[in-house]
Amino acid sequence: MIMAKKLSTQNSFPPIQKPTYYITTPIYYPSGKWHLGHSYTTVCCDALARFKRMSGFDVYYLTGTDEHGQKIEERAAAAGLEPKAFVDGLVGEIKVLWKLLGISNDGFIRTTDENHKAAIQRIFTTLYEKGDIYKSKYKGRYCTPCESFWTASQLKEGDKCPDCGRDTVEAEEDCYFFRLSKYREPLLKLLTESDFLQPASRVNEMVNNFLAEEGMLEDLAVSRTSFRWGIPVPFDDGHIVYVWVDALSNYITALGYGSDDDALFQKYWPADLQMMAKEIVRFHSIIWPALLMGLGVPLPKKVYGHGWLLFSGGKMSKSVGNVVDPFILCNRYGVDAVRYYLLREISFGQDCDYATENLLTRCNTDLCNDLGNLVKRTTAMARQYFGGKVTKSAKDVGTEFDAALIEKINALHSEVSAKLEKLEISRSLETLFDLVSSANKYIDLTKPWALFKETKNEERKTKNDGGDAVEKTLNAVLYNLLEAIRVSANMLLPFIQNAPAKIFASLGLPVPDDFSAMKYGAIDTYQTTESEVLFARLDVKKELEELELLTNNEKRITNNVGGDGDKEPNAKSSPEPRTPNPESRGKERSDNNMITIDEFAKLELKTAVVTACEKVEKADKLLKLTLDVGGQMRTVVSGIAASYAPADLIGRQVVLVCNLQPAKLRGIESQGMILCAVDENDKPVIVEPGRAVPSGSTVR
């Protein structure tokens, strides 16, 4: 017995290894203002990543930015900035946007990262030494906005780019080429004999346009000499590595491929799902697998090209300028509303016309009327009828309508899971809200208010029946409703986070981190509290009018402080300050510390994003911050080192006094001052906006 006891205490089992799941967005090009189209792909991937984590998977979710190329070099020059400084500001802003949208990415890669650049040079050299890359001369048409070479057969309407419709230019230069044509047969087999590329319509496009006949797939230019903003070819200083090898390889370099530590690569590759919009499917379903074949690296399991988010009939695009600002939408209607609209409104894989009216309608119908009212009504009845305490009922207590609702509750997880596995994201939410609708209908059918009235019936009391049986039925009805709410909120967590957390608080329950309690009857007792208003009802007509004014004002500010599309950034201009109230002009308080509104108006306060930060040498209290102020870069020296480490500040929003006279501190010119409060220990605390706003927004 002693020996057995000793063995049982010493024996241990290895931890259970979770199955891995690696999901990626495309890496986004920081050439201008971020818009709702970028948010769409990232939110979809986030919902899938969260769902997989809650399903017990070890998830790695990657996103990032593609920062090299001729277009960025030209735009940086027009703004009077070095390319790295130009992209730093935009990268800082997209990180703020992802934080605002609740994106749960595990990795964020920049193609300007040193480890990425070193890995790309190794990849390029490997393919060159293998003979898959060779040097020759390119002559043909080139589209600068798309950074793409095109053959005569690929152009449309004469010399127009087939992707963006802009004019192309004649280009001729020495290039290194990748032997893409060598891989036509294995690529054709990959696309036609597996489900590597989805949806199926994308397969037909790729095969018919690029692979169907011998000679259609041409070798690919993978270096450039006509601009310098890129990764140098390690064995030829005159060339930089072009976008195909540079950008596409991020999915493996982010995991450490080509470095001294490739543990993440060994653990997570091949990717389970690589998601992108349909215009870059060619790169990911033909060029990318061919590069991996050349390297001898396993191919990703699935590439999915979803449809476009359209605006006024055209693809939402920075270069075209028809963008919708996600900062404005999130700050006005809440992150849950924006995420829900993107995930529910758009049939995944197809194009969809964006309409603010549809977003507002979804908010009113699904979120406010159906979900919000269900939670509000049910928790209010639980408090009124039972003081908030509702318990699990015996099986023989209830109504004739219970079975149908319980069946939907028990089926929800498996039905939503099946749809998400097929990437039917919109349909999965349709199924979820079908349960919400059924619960609302159940209230109408069971009429809890009538049951409560019956428990107080004086005639029953005189018969010594006190309404006990009816009270048990009423308890069962409310328990069924609370179970429907709980399971719905649990299933909502991958899609939206704020409202489900509030729902669980009103149910008196912690927010779950998995789906283990998704079956009916998992909770014995509810102790409900008053529910917050989850979603306010919106006046659609009024909101459309006010949003148009906000959007027009945002365009005015953007055009002043550095814009997008065809208008190049202007780092020297800034929006005019708000005109002070005329009635206050010249009026002063007797207190010498008081100032007039005119004096306050002289301050130019703007939001800024910290894009870089480092300690100042020989100055323990000072940090050197690089700030993006609406596309304009500023250097500020601040005495906040006692409160913040440099790495903690990257991507954070601050408030900057922009028109402060520059001053030199430790030999560094400080071009402004960030606002700070002081805590009880006399340490500085950065003043931040209450919620994320676009960089360069005026603080009034």
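The questions and answers below go through a predicted model of one protein, from its confidence to its salt bridges, a helix and some backbone features.

This is a predicted model, in which local features need pLDDT of at least 70 and side-chain atom pairs count only at pLDDT 80 or more, whereas totals for chains, interfaces and linings use all residues. Residues are numbered from 1 along each chain as its sequence is written, and side-chain values use heavy atoms, with hydrogens and water left out.

Me: What is the mean pLDDT of the protein?
Reply: The pLDDT is the predictor's confidence in each residue, on a scale from 0 to 100. In this model 87% of the residues reach 70 or more, and the mean pLDDT is 85.

Me: How many contacts beyond near neighbours in sequence does the stretch of residues 1-10 have in the model?
Reply: Where pLDDT is low, the predicted coordinates should not be read in detail. Over residues 1-10 the pLDDT is below 50, and it also stays under 50 over residues 315-323, for which the model has 38 contacts beyond four places in sequence. A contact means heavy atoms within 4.5 Å, and for residues 1-10, beyond near neighbours in sequence, the number is 0.

Me: How many salt bridges does the count come to?
Reply: A salt bridge is taken here as a side-chain nitrogen of Lys or Arg within 4 Å of a carboxyl oxygen of Asp or Glu. By this rule the count is 32.

Me: Which helix holds both D46 and R50?
Reply: The side chains of D46 and R50 form a salt bridge with an N to O distance of 2.8 Å. An α-helix has 3.6 residues a turn, so residues three or four places apart point the same way. D46 and R50 are 4 residues apart, about one turn, and both lie in helix α2 (residues 36-54).

Me: Is E543 buried or exposed?
Reply: Buried means under 20% relative accessible area and exposed over 50%, with partly exposed in between (1.4 Å probe, protein chains only). R332, at 30%, is therefore partly exposed. E543 has a relative accessible area of 11%, so E543 is buried.

Me: Which helix holds E345, the partner of R362?
Reply: R362 and E345 form a salt bridge of 2.7 Å, N to O, and the pair links distant parts of the chain, 17 residues apart. R362 counts as buried because its relative accessibility is 19%, while E345, at 22%, counts as partly exposed. R362 belongs to helix α14 (residues 356-386), and E345 to helix α13 (residues 335-345).

Me: Which elements do the buried residues of α3 pack against?
Reply: In helix α3 (residues 70-78) the buried residues are Q70, K71, I72, R75 and A76. Just after α3, G80 takes a positive phi of about 70°. The elements against which the buried residues of α3 pack are α4 (83-100), β4 (133-143) and β9 (223-224).

Me: Which residues does K408 touch, not counting residues up to four places away in sequence?
Reply: K408 lies in helix α15 (residues 402-421) and is partly exposed, with a relative accessible area of 33%. Its C-alpha atom is separated by 9.6 Å from that of A439, 31 residues apart along the chain. Beyond four places in sequence, the residues that K408 touches are D434, L435 and S438.

Me: Where does P270 lie?
Reply: A cis peptide bond joins W269 and P270, with omega about 10°. Another cis peptide bond joins Q198 and P199, with omega about -10°, and P199 lies in the loop between β7 (197-198) and α7 (200-211). The place of P270 is the loop between α10 (263-268) and β12 (273-277).

Me: What is the phi of L423?
Reply: L423 is in the loop between α15 and α16 (425-446), and at 5% relative accessibility L423 counts as buried. L423 is a residue other than glycine, yet its phi is positive, near 60°.

Terms used:
Helices (H or I, at least four residues) and strands (E, at least two) are DSSP runs, numbered from the N terminus.
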